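Student: I would like to go through this structure feature by feature. Please give the general idea each time, and then the case at hand.

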Amino acid sequence: MIKVKRLSLRNMNIKWKLTLWAAVLMLLLFLSYNLLQFTVIQNWVNNHEKEIIRNNMDEVVAYLQGFEPGRDLTGSGDYLKILNERYQLIRIVDGNDSPILTITDKVPEHWVQPKYVTSEELLEISPGGDTLLIYRQPLEISGFSGSVEIVRNLENFESLINLITTLFIITGFVAIILSLIGGRLISFQLLNPINSMIRTMRRIRENGLKERVQISDQQDEMTELSLMFNELMDSLEQSFRQQQQFIEDASHELKTPLSIIHGHLSMIKRWGKDDPEVLNRSIQLSLNETNRLIQMVSELLILTRANHSAAIAEFSPENIRVKQVIGEIIENFKFVNPEFRMLTRLEISDDCVLPVQKNHFQQMMIIILDNAMKYTRDQKEIRVSAAAESGLLAISVMDYGMGIPEDELYLVTNRFYRVDKARSRKHGGNGLGLAIAKRLMEGYAGELQIESVYGEWTRVTLRFPRKNELAARSGKEV
């Protein structure tokens with residue numbers, strides 16, 4: 001049975017758990033406050049009764065001590081009746097525990113036996129269910145040795161305590177009901193944003209990723225949680241769209257070379273194997289498309305690895321001499337493409353270093369230079385420059401080719417995007433180079449900027465952050 005209860009509590013909804021916990025907490029606070037209040041009132045009333053009985057005793061003793069020697073103490077009865085209060089007994093006892101004079105008001109004499117004392121005595125008894133407060137004090141006057149007893153029936157005190165107890169019980173039940181209602185309201189207020197998220201998630205499951213949580217005007221943790229949830233959904237939707245676009249683009253790009261290869265193989269199967277010219281031509285074209293597929297897959301792998309590198313630390317950067325590496329890359333391009341005129345203006349010292357991996361830097365420069373050469377028209381001239389810009393190292397490559405329309409500048413770094421698809425395919429481009437370069441720059445907290453005037457020129461700039469100051473600059477054009 002206990003195990004079942006534990007399981008049911010564990011499986012209870014959070015709103016009911018919050019309701020119960022809030023109700024229990026509020027009830028405990030209420031009971032603690034009432035218990036403290038009851039204790040304080042009880043102690044105060046009890047002390048007040050003791051103070052009253054002591055004051056009465058002082059008046060009685062002072063009056064009796066004022067008697068003339070030899071006067072009969074029984075003659076003090078009239079005055080003691082005046083001093084006596086409701087629910088109180090005053091009694092004079094001699095040295096033999098015999099009462100000499102008793103004045104009482106609704107306190108039976110047999111409830112308390114007379115007793116002679118030699119020292120002050122204060123005690124509390126409960127004969128017959130009533131609480132009695134007894135105060136005895138010795139009385140020494142000329143010719144008499146005895147004691148005075150005052151007995152107070154605390155019926156009024158008990159009535160007050162019973163009334164307070166009844167009030168506490170009634171308010172306790174009311175507190176239980178109010179605490180349950182308050183706990184339910186508290187749980188509703190706390191869980192309302194979470195329930196809103198749950199409803200939003202259900203709508204997302206049914207309607208797609210466009211649903212969002214409604215943000216309230218309150219500036220609290222739940223609002224912050226809702227904002228974070230919406231931001232995560234925005235990122236998820238964007239990632240989903242990018243992934244979907246990537247799959248569509250990759251499928252489209254892979255379909256063309258595979259269709260070409262399939263067509264040539266079909267042609268070879270039908271009649272090409274008997275015609276050496278057709279056979280060689282088909283094999284060569286199929287090899288070209290196969291090489292393009294290999295290059296595309298390689299670039300996709302590079303781009304995927306770059307996407308998983310979220311910070312410079314993950315790239316394990318090394319310090320490279322920028323001027324030297326740029327010179328090596330330009331020299332290789334001049335050797336392979338002697339028809340191009342390469343102009344450089346490197347306004348940095350020979351000792352200028354950059355904290356990046358050398359192969360990443362080479363890859364980005366090769367991508368930009370290769371694009372510049374592919375899209376150059378009549379003026380086969382490329383300008384490469386490097387300079388410091390407000391703590392950044394800016395490296396630019398400018399060509400005088402076909403250029404990029406202004407409304408397409410923001411698209412050229414997307415995967416598989418090409419301004420002139422026919423021309424790009426002719427030159428073997430897959431539309432992945434600038435996407436790779438941009439992702440690598442983001443990994444180094446840098447920036448890739450593209451400027452262009454369509455039909456005239458294009459300039460691609462890489463801006464790397466640098467921690468050290470650049471050395472003395474020198475301008476040199478080759």
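The dialogue below takes up salt bridges, a sheet, a helix and a surface patch.

Tutor: This is a predicted model, in which local features need pLDDT of at least 70 and side-chain atom pairs count only at pLDDT 80 or more, while totals for chains, interfaces and linings use all residues. Residues are numbered from 1 along each chain as its sequence is written, and side-chain values use heavy atoms, with hydrogens and water left out.

Student: How many salt bridges does a search of the whole structure find?

Tutor: Side chains of opposite charge can pair when their charged atoms come close. The criterion is a side-chain nitrogen of Lys or Arg within 4 Å of a carboxyl oxygen of Asp or Glu. Searching the whole structure gives 15 salt bridges.

Student: Which parts of the chain does the pair Lys323 and Asp350 tie together?

Tutor: Helices (H or I, at least four residues) and strands (E, at least two) are DSSP runs, numbered from the N terminus. The salt bridge between Lys323 and Asp350 has its closest N and O atoms 3.4 Å apart. Lys323 belongs to helix H7 (residues 322-336) and Asp350 to the loop between strand S7 (341-346) and strand S8 (353-355), so the pair ties together parts 27 residues apart in sequence. Another salt bridge, at 3.3 Å from N to O, joins Glu381 and Arg341. This pair links distant parts of the chain, with Glu381 in strand S9 (residues 381-389) and Arg341 in strand S7, 40 residues apart.

Student: Are Glu381 and Asp350 buried or exposed?

Tutor: Buried means under 20% relative accessible area, exposed over 50%, and partly exposed in between (1.4 Å probe, protein chains only). Glu381 is buried, at 9%, whereas Asp350 is exposed, at 54%.

Student: In what order do the five strands of the open sheet run?

Tutor: Two strands pair if DSSP finds at least two bridges between them. Here the order is S2-S1-S5-S4-S3, with antiparallel pairing. Strand S2 (99-105) and strand S3 (121-125) are the edge strands, each pairing on one side only. Strand S4 (residues 132-141) pairs with strand S5 (residues 144-153) over 10 bridges, and Leu139 has Gly146 in S5 as its bridge partner.

Student: What does Asn153 touch?

Tutor: Contact means heavy atoms within 4.5 Å. Asn153, in strand S5, is buried at 6% relative accessibility. Not counting residues up to four places away in sequence, its contacts include Tyr87, Trp111 and Asp130.

Student: How many residues of helix H10 are buried?

Tutor: Nine of the 11 residues of H10 (residues 433-443) are buried, so the helix is largely enclosed by the rest of the structure. Among them are Leu434, Ile436, Arg439 and Met441. After H10 comes Ala445, with a positive phi near 60°.

Student: Which residues make the nonpolar surface patch?

Tutor: Patches are made of residues with over 30% relative accessible area and no salt bridge; like charges are joined within 9 Å, nonpolar side chains (Val, Leu, Ile, Met, Phe, Trp, Tyr) within 5 Å. Accessible areas come from the Shrake-Rupley method with a 1.4 Å probe; for residues, only the protein chains shown count as cover. Ile170, Val174, Ile177, Leu178, Ile181 and Leu185 make this patch of about 570 Å². Leu185 lies in helix H4 (residues 155-207) and is exposed, at 53%.
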